[in-house]
Amino acid sequence: MSESLSLLSKVQTEGDSNIGKAKNIFNHLVVELEDHNDDVIISNPFTFYDEYKRNYLKVQENPEKYRGVLTGIKELDDIMGGLRPAEFGLVTAGTGKGKSIFLLDVAYNCFHAEIGDSLYATIEMPGPQLLQRFYCRLSGIVYDMFRDYRFRKEEWEILDKKIEKLKKEQTCKFEVIDIPQSCTVNSLQHEIENYIRRNREPKLIVIDYMNIMRGGMDWQKQLEIAVDIKQKIARYFKIATWSANQLAGAKHDKDHINISDFGFAKNIADNVDVGIGLAEAEGSNEDAELFNIDFTKTRDFKGRNIIIRADRSRMTFSKTVSDGKKQLYNKVKIGGDIKT
C-alpha cells in the first residue's frame with residue numbers, strides 16, 4: 001500500500017506511467033483480500049460445548065429476548081417460530097399476488113411489535129411509494145384514499161395521531177434504502193454495511209425483490225442471486241433476511257400452490273432456510289381475500305398449508321382463518337348500525 005501511494009505521489013513529477021504501476025498493485029491487493037476469509041471458524045463439539053450451554057440457558061431464561069423475527073401472522077408464527085438470525089426466508093407468488101404487501105407486513109410487525117429495527121431495501125418501487133404503503137398499514141385507512149388523493153380532515157386526524165404516538169413511544173426504527181433496479185447483491189451488501197456503520201444493526205432485512213436485481217430475469221441467474229443473498233446478506237450480517245421470488249405464468253391465480261410445478265423455483269427453494277408459497281384460495285373475492293400459504297421449504301419444523309385472510313387494501317396479511325374455512329364474517333357499518 002505504501003509503495004502504491006508513493007508511486008501516485010510521483011505522477012506530477014515523473015509522469016502518468018506511475019498510475020499504471022500503482023493500479024497493478026491495487027489490483028493485486030483486491031485479489032488477495034477477496035481470497036482471504038476471516039469469517040471462517042473452526043470448532044469441535046468439546047470446545048464449543050461450554051459456549052453452547054451458556055447461550056442455551058440465556059434463551060431458556062429469557063425466550064422473548066432471543067425469539068426469531070415473527071411475521072405477525074399468528075398461525076404461521078406458531079408453526080415456524082419466526083425467522084432466526086442469519087436465516088434467509090423467501091416468499092414465492094405470481095404477479096400481483098401480494099409479495100410486497102407480505103414483506104411490508106413482516107417488516108412492519110418487526111418494527112411495531114418492538115422486536116427490533118427493520119431495514120427495507122426497495123428495488124421494485126420508489127421509497128416514497130413504499131412509505132405511503134407504510135402509512136396505510138399504520139393507519140388502517142384504505143390505500144385508494146392515499147393513491148387517489150382523497151384525504152379529508154378525518155383521515156389526516158387519524159394519521160397525524162398515529163404518527164405522533166409513534167414519535168413519542170416507539171423505540172424501534174423502520175427505515176428504507178431506495179435502490180435503483182440496477183442493484184446487485186454486492187452493491188446491496190455495501191449499502192447495508194454503510195447503514196449499520198452509521199446507525200445500528202437491524203433485526204430484520206427485507207429485499208423487495210430478488211427477480212429485479214440486475215440480471216435476475218433468467219432463472220439460473222435467480223438461483224445465483226438467492227445463494228448470494230443467503231451468503232452475502234443473511235449469513236454475512238447474521239441478520240434475519242426476507243425477500244421474494246416472482247413465479248411465472250397464470251396457473252396459480254386461483255390454484256393451490258404446488259412448488260414442484262416450477263423446477264426453477266424448487267431449485268431456488270433448496271437454497272433458502274424457510275420458503276413459503278402464496279396464492280389466492282378458492283372462494284377468494286374482493287370482500288373476503290383468502291390466501292393459501294404453503295411451506296416450500298422448512299428449517300426444522302413440519303410445515304402445513306394454512307389459509308389466511310388478507311386485507312390488501314390496508315396492506316396487511318396479518319389475519320388468519322382456520323384450515324378449510326371458506327366464509328368470513330365481518331362487522332360492517334350500515335347506516336348507523338353495526339351489522340355482521
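Q: Is Ser-100 buried or exposed?
A: Ser-100 has a relative accessible area of 11% and is therefore buried (under 20% relative accessible area, with exposed over 50% and partly exposed in between; 1.4 Å probe, protein chains only). This is a predicted model, in which local features need pLDDT of at least 70, side-chain atom pairs count only at pLDDT 80 or more, and totals for chains, interfaces and linings use all residues. Residues are numbered from 1 along each chain as its sequence is written, and side-chain values use heavy atoms, leaving out hydrogens and water.

Q: Which residues does Ser-100 touch, not counting those up to four places away in sequence?
A: Ser-100 touches Tyr-120, Glu-124, Met-125, Arg-133 and Asp-208, where contact means heavy atoms within 4.5 Å.

Q: Where is Ile-115?
A: Ile-115 lies in the loop between α6 (99-112) and β2 (118-122); helices (H or I, at least four residues) and strands (E, at least two) are DSSP runs, numbered from the N terminus. Its relative accessibility is 13%, so Ile-115 counts as buried.

Q: How many residues apart in sequence are Ile-115 and Val-69?
A: They are 46 residues apart in sequence, and 6.8 Å apart in space, C-alpha to C-alpha.

Q: Changing topic, at what angle do α7 and α9 pack?
A: Helix α7 (residues 127-139) and helix α9 (residues 153-169) pack at about 95°, with axes 10 Å apart. Axes are lines fitted to C-alpha atoms, for helices over the stretch in contact, and angles run from 0 to 180 degrees between N-to-C directions.

Q: Which residues of α7 meet α9?
A: Phe-134, Tyr-135, Leu-138 and Ser-139 in α7 meet Ile-158, Leu-159, Lys-162, Ile-163 and Leu-166 in α9.
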